[in-house]
Amino acid sequence: MGDIVIRRVRTILTAPEGITLVVVKVETSEPGLYGLGCATFTQRAAAVKTVLDQDLGPWAEGRPVARIEDFWQSAMVSGYWRNGPVLNAAVSGIDMALWDIKGKLAQMPCYDLWGGKCRDGVALYRHADGDTVEAVGDQVEAWLAQGYRFIRCQWGGYGGHPTAEGALPRFRNSLVRTPANPAPGRYFDPLGYRQSVPRLFHYLRERFGSEIEFLHDVHERLAPGDAVKLAAALAPYDLFFLEDPLPPEQIGWFSRLRQHATVPIAMGELFTHPLEWTPLIEQRLIDFIRVHLSQIGGVSPALKLAAYAAQYGVRTAWHGPGDVSPVGHMANLHLDLAMPNFGIQEWAGWSDRSEAVFPGGPVVRDGYAYVEERPGWGIDLDEAAAARFPPVFGPPGWTLARLPDGTAARP
Ligand code: GCO
Ligand code: MG
């Protein structure tokens with residue numbers, strides 16, 4: 001294995017679910033041997049592809065596939081400035097592909113490279129959403145019928161999107177009142193949103209009792225003091241976790257959050273730099289670390305992060321939305337199987353279109369994912385099928401969030 005080298009780094013963009021995914025294929029000097037990695041940063045997919053095609057990819061050619069850590073350390077410092085989302089995603093694509101190759105050469109699934117399974121299935125959570133509490137409840141009912149016991153519940157998406165009538169049903173009087181001639185954007189009402197969340201979970205606990213694990217994603221939508229208020233108000237509803245209550249820029253508020261709220265906290269999908277997670281973990285200010293693997297540079301840093309978090313009693317809950325490729329989802333699942341401090345896995349699911357592009361995904365049954373015992377990630381890429389779903393570029397409309405007065409807000 002020592003003399004097999006990277007021959008070519010190819011980046012394939014595809015959007016089988018209408019969300020642009022960035023997949024890296026590392027071809028080697030061994031005929032027929034290649035690896036797949038996820039470099040998905042859907043809002044900046046073209047930038048990531050440019051870095052891989054014109055910079056990091058050519059730089060990696062000729063490097064030994066066996067030396068994953070040396071690749072990762074060198075790639076991270078090769079541009080001098082580091083720990084940004086675009087370059088981290090690019091490094092992730094090659095890093096994950098090298099782990100795929102390592103598994104194929106060892107004839108082992110990646111989880112076996114890291115000590116083997118700690119569990120036989122990966123517990124998943126799904127998303128329930130709706131414009132009324134009843135509609136959210138109906139979606140919860142549908143997931144329960146499929147065997148899921150962990151369900152993230154949102155009333156009107158992130159920030160409680162106003163309904164067609166212009167306001168959350170419960171808070172008609174909190175119509176989003178904008179100034180005259182409002183700038184374009186997705187306006188939301190922080191007060192209406194904050195007051196609606198406890199009402200949503202009151203309804204859900206009344207309807208479903210206490211045995212279901214409910215989660216909620218604040219999505220960094222509230223001012224810090226309001227986030228503390230919301231977290232405290234949710235105590236009676238015994239959530240499994242409250243996600244992204246604060247933005248990464250407000251790490252300093254987490255100690256205040258911990259003083260006033262008992263709800264378990266999950267944070268991390270926006271993190272790109274170790275200095276964002278180390279204070280939260282070492283001070284035990286969060287309960288779940290939930291990074292987006294490609295945004296921290298791939299699996300090599302995630303292995304270190306999981307082990308570090310385990311020392312502080314922090315569990316993993318890797319980011320698993322529609323803008324992670326099935327290759328990235330498989331990397332999540334292999335880590336979920338092998339890490340002792342696994343918490344829960346977000347699962348967006350995928351359609352037959354994605355299965356055609358990425359054959360070999362997990363079996364999902366009764367709320368668990370089961371990974372077939374195949375070398376590497378165990379998933380493949382059909383490039384002809386990928387070409388049938390061309391990428392769409394540019395940030396999606398929902399990221400142009402605005403407060404009632406028109407101030408640009410975190411989406
Ligand atoms: C989640 C996330 C996503 C993000 C999306 C950004 O919890 O899954 O908040 O929904 O908004 O991944 O592109
Ligand atoms: Mg989230």
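The side chains of Glu69 and Lys304 meet in a salt bridge, with 2.9 Å from N to O; a salt bridge here is a side-chain nitrogen of Lys or Arg within 4 Å of a carboxyl oxygen of Asp or Glu. The model is predicted: local features need pLDDT of at least 70, side-chain atom pairs count only at pLDDT 80 or more, and totals for chains, interfaces and linings use all residues. Residues are numbered from 1 along each chain as its sequence is written, and side-chain values use heavy atoms, with hydrogens and water left out.

**Domains and their interface**

- The protein chain is divided into domain 1 (6-109) and domain 2 (113-375 + 394-402), with bounds that come from an automatic or database domain assignment.
- The centres of domain 1 and domain 2, taken over C-alpha atoms, are separated by 26 Å.
- To the contact (heavy atoms within 4.5 Å), domain 1 brings 35 residues and domain 2 brings 40 residues.
- About 2,800 Å² is buried between domain 1 and domain 2, and carbon and sulfur atoms give 63% of this area; buried area is the accessible area (1.4 Å probe) that two parts lose on being put together, summed over both.

- The rule finds 2 salt bridges across the interface of domain 1 and domain 2.

**The side of domain 1 that touches domain 2**

- Strand S2 (21-28), strand S3 (34-38), helix H2 (68-77) and helix H3 (85-106) each supply at least two residues of this side; helices (H or I, at least four residues) and strands (E, at least two) are DSSP runs, numbered from the N terminus.
- H3 gives the most, with 13 residues.

**Aromatic pairs**

- The structure holds 15 aromatic pairs, meaning rings of Phe, Tyr and Trp (its six-membered ring) with centres within 6.5 Å; planes under 30 degrees apart count as stacked, over 60 as edge-to-face and the rest as tilted.
- The ring centres of Trp114 and Trp377 are 6.1 Å apart and the planes stand at 55°, so this pair is tilted.

**Salt bridges in the whole structure**

- By the rule, the count comes to 20 salt bridges.
- Asp226 forms a salt bridge with Lys229, and the closest N and O atoms are 3.8 Å apart.
- Asp226 and Lys229 are 3 residues apart in helix H7 (residues 224-233), and are therefore separated by about one helical turn.

Terms used
Chains lettered and ligands numbered in written order.
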